[in-house]
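Biologist: Can you put the model up? I have some questions about the side chains.

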Amino acid sequence: MPTTLKIIGTNRLIARLARFPKDIEKASADGISNIIVQIRDDAKALCPVDTGSLKSSIRKQTYAKSAGHILRYGISAGGYVTNPKTGRKVDYASYVEYGTSKMFHKPFMRPAIERHKDKLTKEISKRFKQ
C-alpha cells in the first residue's frame with residue numbers, strides 16, 4: 001500500500017534558509033563592530049600621551065569582504081596623524097607597544113584586546129542565538 005506524505009510550508013522554509021547566511025552575517029557584524037569600538041576606546045584610554053598624536057591615530061577599520069561571507073575588522077594606530085613635535089607621521093605605535101632597546105614598553109593595544117576577548121566570543125554567540 002503506497003504512503004503519501006505532504007509537507008506544507010516548504011517554500012517558506014526554503015526562503016528562510018536562503019536568508020539565513022545574510023542574517024548571521026549582519027548579526028555577527030553588528031556584534032563584532034560594537035566590541036571593536038570598545039577595544040578602540042580602551043586602547044585610547046590606555047595609550048600613553050605626550051603630544052596626543054598616537055592616541056588620536058587609534059582607529060577602527062573595516063575591510064571589504066575578501067571572499068564569500070568573510071568580514072575583517074581591525075584596530076590601527078599610527079600612520080595618518082602628524083606629530084607636532086617632530087613634524088612626521090606617527091610611525092612609532094609598535095615601539096610604544098613593544099618597547100625598544102632604549103625604551104621600556106607601554107602596551108595599550110594588547111591589554112585592550114585582552115579585556116574584551118571573552119566579550120567578543122559571548123557577543124557573537126548571543127547574536128547567533130537571536
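Biologist: Which helix do Lys117 and Glu114 lie in, and how many residues apart are they?

Modeller: Both lie in helix α4, three residues apart, or about one turn of the helix. Helices here are DSSP runs of H or I with at least four residues, strands are runs of E with at least two, and both are numbered from the N terminus. Keep in mind that this is a predicted model, where local features need pLDDT of at least 70 and side-chain atom pairs count only at pLDDT 80 or more, while totals for chains, interfaces and linings use all residues. Residues are numbered from 1 along each chain as its sequence is written, and side-chain values use heavy atoms, with hydrogens and water left out.

Biologist: What do the side chains of Lys117 and Glu114 form?

Modeller: They meet in a salt bridge, 3.1 Å from N to O. The term means a side-chain nitrogen of Lys or Arg within 4 Å of a carboxyl oxygen of Asp or Glu.

Biologist: How many salt bridges does the structure hold?

Modeller: Six. One of them joins the side chains of Lys85 and Asp50, at 2.8 Å from N to O. Lys85 is in the loop between β2 (72-76) and α3, and Asp50 is in the loop between α1 and α2 (53-57), so the pair ties together parts that are 35 residues apart in sequence.

Biologist: Are Lys85 and Asp50 buried or exposed?

Modeller: Lys85 and Asp50 are exposed. With a 1.4 Å probe and protein chains only, exposed means over 50% relative accessible area, buried under 20%, and partly exposed in between.

Biologist: Changing topic, which residues have the most contacts inside the largest nonpolar core?

Modeller: Ile39, Ala43, Cys47, Leu54, Ile58, Phe108 and Met109, in a core of 15 residues. A nonpolar core is a set of buried Ala, Val, Leu, Ile, Met, Phe, Trp, Tyr and Cys residues joined through side-chain atoms within 4.5 Å.

Biologist: Which helix gives the most to this core?

Modeller: α1, with five residues.

Biologist: And what does Phe108 touch?

Modeller: Leaving out residues up to four places away in sequence, its contacts (heavy atoms within 4.5 Å) include Ala43, Cys47, Leu54, Ile58 and Val96.

Biologist: Last one: which residues lie nearest the centre of the largest pocket?

Modeller: Pro48, Asp50, Leu54, Tyr92 and Val96, out of 15 lining residues. On a 1 Å grid over the protein atoms alone, a pocket is an open set of points where a 1.4 Å probe fits, with protein on both sides within 12 Å along at least five of seven lines, and lining residues have an atom within 4 Å of a point.
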